[in-house]
Amino acid sequence: MSTAFTQKLDPESVAFDPPPVRSRPAYRIRDDAEALAVAREVAAELALGAVRRDRERILPYEELERISDTGLLAITVPAEFGGAGVSAGTVARVIATLAGADGSLGQIPQNHFFLLEGLRLSGTEAQKRFFYNRILAGERIFNALSERGTKTAQDHVTRLTRAGDGFALNGRKFYSTGVLFAHWIGVVANDDAGESTLSFVPATAPGVTVIDDWTGFGQRTTGSGTTVLDDVAVAPFSVIPFKRIFDVPTGMGPFAQIMHAAVEQGIAEAALATAIHFVRHHTRPWKESGVDRASDDPYIVSAVGEMSIRTDAAGALLERAGGFVDAARAAPDEGNVAAASVAVAEAKVATTEAALFASTKLIELAGSSATLQEHGLDRFWRNARTHTVHDPVRWKYKVIGDYWLNGRNPPRHGAI
Amino acid sequence: MSAAPPLLDVRNVSLAFKGVKALTDLSFAVPRGEICALIGPNGAGKSSLLNVINGVYRADAGEITIDGEPFHRPTPMGAARRGVGRTFQNNALFRRMSVLDNVLTGLSTATSPRSSSATATPSCSAPSGTCAAMTALARGSSTATAASADLTFFKGVLMPSTSTPDFERQPKAHRITSDAEAIAVARDLAAVFATGAADRDRERRLPVAELERFSASGLWGITVPKGYGGAGVSYATLAEVIATVSAADPSLGQIPQNHLAALDAIRVSGSEAQKVLWFGRVLEGDRLGNAFSEKNSRHVGAFETTLRASGEGYVVSGDKFYATGALFAHFVHIGAVDEANRVHLAIADRDAPGLTVVDSWSGFGQRTTASGNVALRDVRVGPEAVIPAWKGGEQPSSNGAVSQLIQAAVDLGIAQGAFAETIGFVRTRSRPWIDSGQEHAFDDVFTIHGIGDLAVRLHAAEAMLARAGHAVDAILDDPTEAAVAETAVSVAKAKVLTTEIAILAANKLHELAGTRSVLMADNLDRHWRNARTHTLHDPVRWKYFHVGNHALNGVAPPRHAWS
């Protein structure tokens with residue numbers, strides 16, 4: 001949003017008529033340790049229905065309500081607004097834990113936290129107070145960012161235009177992860193001056209239509225759909241200046257990316273755990289091994305070792321990257337934002353590899369019976385392959401290499 | 001006079017250098033079958049005489065007869081043809097050849113070797129008593145059989161590049177007090193050690209001065225617990241210190257490995273008095289070098305070296321190989337088994353009678369680790385010097401993990417060194433590839449991608465090693481069975497990753513830097529040679545297994561120094 005607009009329009013002076021607040025009570029998580037413990041607990045519960053949800057593509061409405069109830073979706077709300085203000089590493093670990101239970105459930109909160117980070121960086125005091133309260137109540141905000149048919153994934157044709165005392169939104173957004181479960185939709189659009197803006201629009205606002213049309217072979221129940229915006233009235237209070245998030249160095253890009261890497265990490269860890277379980281309980285020993293149990297086959301043992309090493313290596317990089325992201329979030333400058341982007345990109349490469357490796361190796365070790373539909377073991381690979389194409393790692397290597405070899409900083413956008 | 005002429009007859013020989021008389025009217029004869037030794041103080045003319053007999057110098061006056069034939073127009077080659085060989089003390093030894101082969105060189109160059117050589121005065125640096133045996137062998141005499149028994153030990157022994165230089169026997173070390181200081185000191189030292197690392201490797205010049213500086217810095221005492229006056233740093237810090245030094249020169253990084261492992265053995269299994277004694281010495285600057293591995297025992301964990309009670313103390317006997325650091329140690333800690341076949345560490349003075357360290361390491365990598373043979377012939381040690389190290393393996397302890405963590409840190413350092421070398425080379429010396437369309441090699445998209453891949457793997461190894469270091473910290477005071485197993489798994493994971501990146505980075509260095517990176521002048525192959533050599537200490541194929549067995553079957557990794 002251009003400076004001209006913010007000067008002319010006092011957000012508080014224009015009518016802002018939000019929908020009623022979410023009614024179910026949401027727990028208030030106090031700190032990082034509690035966030036991790038709650039995530040583990042709820043993940044164990046949510047894992048139970050994951051195979052069926054994937055197979056039958058049952059959208060996890062109730063599961064998301066459950067996650068909202070636990071307070072996990074409010075953990076990034078800063079302490080001064082009543083939240084736990086957890087570290088990036090904790091956010092990543094929470095997402096990995098959820099993704100381990102269900103890849104889709106791990107991915108859904110990603111852009112919720114991303115949009116909240118945008119609010120933290122660019123929102124006014126009043127906007128923060130209002131939206132953080134909604135989030136602490138368990139409300140969810142999901143994105144309408146990507147568009148199809150534009151030259152690159154970062155171009156937008158959706159428009160935010162002046163209309164009376166406020167604005168009107170028009171456009172069509174695809175791959176809107178989680179939008180089906182949203183209380184609020186974060187819409188990125190260009191304003192009259194051609195600058196990027198972010199509006200938090202109630203999902204129930206007139207003119208908003210959400211279409212469940214995601215047909216990917218993996219991450220099937222992310223509730224990603226198409227968002228149609230037809231002359232949606234937007235109060236100025238809902239508009240957050242977005243462009244400046246990338247005009248000056250901020251931790252936004254690496255923060256967004258570490259959560260993607262965390263989804264893959266969760267998938268890798270779950271594939272490993274599933275391989276261990278399956279080999280121990282179902283796999284028959286191979287004839288030439290001469291052992292009674294598949295779990296005593298030295299090659300299987302060793303392969304599980306390799307899965308564990310690759311997975312933990314990625315996990316260690318993810319943890320390491322968390323430290324860099326927090327440094328960049330705390331006091332962003334050119335140098336620490338670049339370092340964070342690179343550290344996260346390194347984690348992303350490793351989690352991508354680990355997820356694809358573990359999910360493939362799982363099937364090899366488990367054996368032919370593992371391919372039976374009822375086990376749903378292919379979901380790990382389908383989820384990993386689908387999620388890891390979000391932003392291709394081949395260009396991560398380039399960014400990382402350029403940084404270490406040539407001292408060149410990565411570009412600043414939400415995908416690095 | 002029907003007696004056979006002397007094999008060597010020197011008559012009235014004189015030699016002077018511009019007025020300085022080296023030899024004056026010297027005469028003597030060596031009969032066949034006799035060994036003649038020539039002794040004298042510096043400057044007495046011993047070398048000059050040998051050079052005359054050997055044909056290097058021509059005498060100003062006098063006559064030499066070899067096996068009855070006058071030696072006119074002497075040249076070294078002519079002398080060799082008559083069976084006269086000469087072995088030099090230090091600056092003309094054939095490196096990479098054994099002591100025996102050096103001795104025998106004089107014979108091998110003769111076109112028709114005589115049955116004996118007239119004089120052979122091998123000024124070897126081998127333990128006394130063996131020179132005669134070598135001479136006998138050199139003469140091809142059948143009477144040498146008995147004497148050569150001792151020589152078998154030296155058959156594979158390589159000549160040192162110089163005689164073992166002296167080192168400070170009463171060191172004084174700085175006292176490091178914090179983790180941050182340890183890391184800062186390591187970085188400063190690494191900058192110094194990096195200079196000359198390539199030359200030391202090429203010439204196999206043992207890093208005595210560097211080693212003195214290294215231990216004097218206080219870094220060899222940083223794991224001594226605070227209660228004993230040390231800094232008691234985190235093992236993550238120790239791993240970083242070792243990696244930092246190894247990145248500059250991995251031989252230097254490896255040398256304290258066993259010293260540090262021994263400190264943990266003392267911490268776990270030593271008596272209070274032993275801790276006070278040995279931690280105190282180490283903080284003063286004393287270095288421990290190991291005599292642990294044996295070449296011919298059934299496997300790495302089996303020992304034939306014995307520890308037997310004798311009088312007030314003990315005697316230790318055996319033969320050790322791969323004894324890293326022993327050459328320049330103040331004390332040598334010896335793995336030895338008692339009557340009950342339990343392994344102890346017997347810490348002997350480096351100069352103790354019966355203890356001989358020979359610089360015999362001939363590996364193609366980690367060339368200057370001062371590794372070698374240690375011969376132990378009834379070496380006496382007092383009770384204060386015998387640590388019941390077996391306890392650290394019988395009960396769960398940090399011993400194995402500490403040992404492995406340091407190993408992995410050396411490999412990480414090698415990887416860091418190779419990675420930095422690659423960047424430096426590609427930035428400044430590599431040409432762009434023809435198809436890249438770039439002005440500079442560093443703008444080649446595939447080179448950039450390749451560096452990116454290395455960075456990911458390198459940092460994963462670093463992160464895993466740091467994790468493992470913190471895991472070790474947690475079991476120092478509370479080594480529960482489960483936590484020790486978890487830690488061993490964590491360290492094993494780091495070991496796999498550091499091994500892989502060390503070898504990969506050392507290989508990719510050349511691929512990305514190009515053909516000019518293989519020129520001998522740069523000696524860049526040392527990174528791969530070092531990586532390949534050091535990573536063999538314990539093969540990673542079994543790490544995958546132990547990690548997998550723990551994850552899959554809940555089986556704890558074995559408790560020994562190689563896991």
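The legends below describe close-up views of a predicted model.

**View 1. Chain B as a whole, with its secondary structure and its burial.** In this predicted model, chain B is built from 18 helices and twelve strands. Of the 563 residues in chain B, 56% are buried, and the accessible surface of the chain comes to about 24,100 Å², with carbon and sulfur atoms accounting for 54% of that area. Among the contacts in chain B that have a separation of 6 or more, 73% are made by residues 24 or more positions apart.

**View 2. The contact between chain A and chain B.** The contact draws on 36 residues from chain A and 32 residues from chain B, and the two chains bury about 2,900 Å² between them, of which 67% lies on carbon and sulfur atoms. On the side of chain A, the residues that lose the most area to chain B are A:Ile309, A:Tyr397 and A:Leu405, which together make up 23% of what that side buries.

**View 3. Polar pairs across the contact, and the elements of chain A that take part.** Between chain A and chain B there are five salt bridges, and twelve residue pairs are in polar contact, both residues being at pLDDT 80 or more. One of the salt bridges brings together the side chains of A:Glu319 and B:Arg467, at 2.8 Å from N to O. The side of chain A that touches chain B receives two or more residues from each of α9 (252-281), α10 (298-330), α11 (334-366) and α13 (394-406) of chain A, and the largest share of that side, 17 residues, comes from α10(A). Sorted by class, the side of chain A that touches chain B holds 16 nonpolar, seven polar and 13 charged residues.

**View 4. A salt bridge between B:Asp443 and A:Arg408.** The side chains of these two residues meet at 2.7 Å, N to O. B:Asp443 lies in the loop between α14 (399-428) and α15 (445-476) of chain B, whereas A:Arg408 lies in the segment after α13 of chain A, so the pair joins two chains. With a relative accessibility of 17%, B:Asp443 counts as buried, while A:Arg408, at 32% relative accessibility, counts as partly exposed.

**View 5. A salt bridge within chain B, between B:Arg529 and B:Asp201.** The closest N and O atoms of B:Arg529 and B:Asp201 are 2.6 Å apart. This pair links distant parts of the chain, with B:Arg529 in helix α17 (residues 525-534) of chain B and B:Asp201 in helix α7 (residues 197-203) of chain B, 328 residues apart. Both B:Arg529 and B:Asp201 are buried.

**View 6. A network of salt bridges in chain A.** Salt bridges that share partners join A:Arg22, A:Arg24, A:Glu62, A:Glu65, A:Asp69 and A:Arg140 into one network. Over all chains, the count of salt bridges comes to 59.

Methods: Residues numbered from 1 in each chain as written. Chains lettered and ligands numbered in written order. Predicted model: local features only at pLDDT ≥ 70, side-chain atom pairs only at ≥ 80, totals over all residues. Heavy atoms only, no water. Helix = DSSP H or I, 4+ residues; strand = E, 2+ residues; numbered from the N terminus. Buried < 20%, exposed > 50% of the residue type's maximum accessible area, 1.4 Å probe, protein only. Contact = heavy atoms within 4.5 Å. Areas by Shrake-Rupley, 256 points an atom, 1.4 Å probe, with all protein chains shown as cover. Buried area = accessible area lost by both parts, 1.4 Å probe. Salt bridge = Lys/Arg side-chain N within 4 Å of Asp/Glu carboxyl O. Polar contact = N/O pair within 3.5 Å; in protein donor to acceptor, adjacent residues only side chain to side chain. Nonpolar A, V, L, I, M, F, W, Y, C, P; charged D, E, K, R; others polar.
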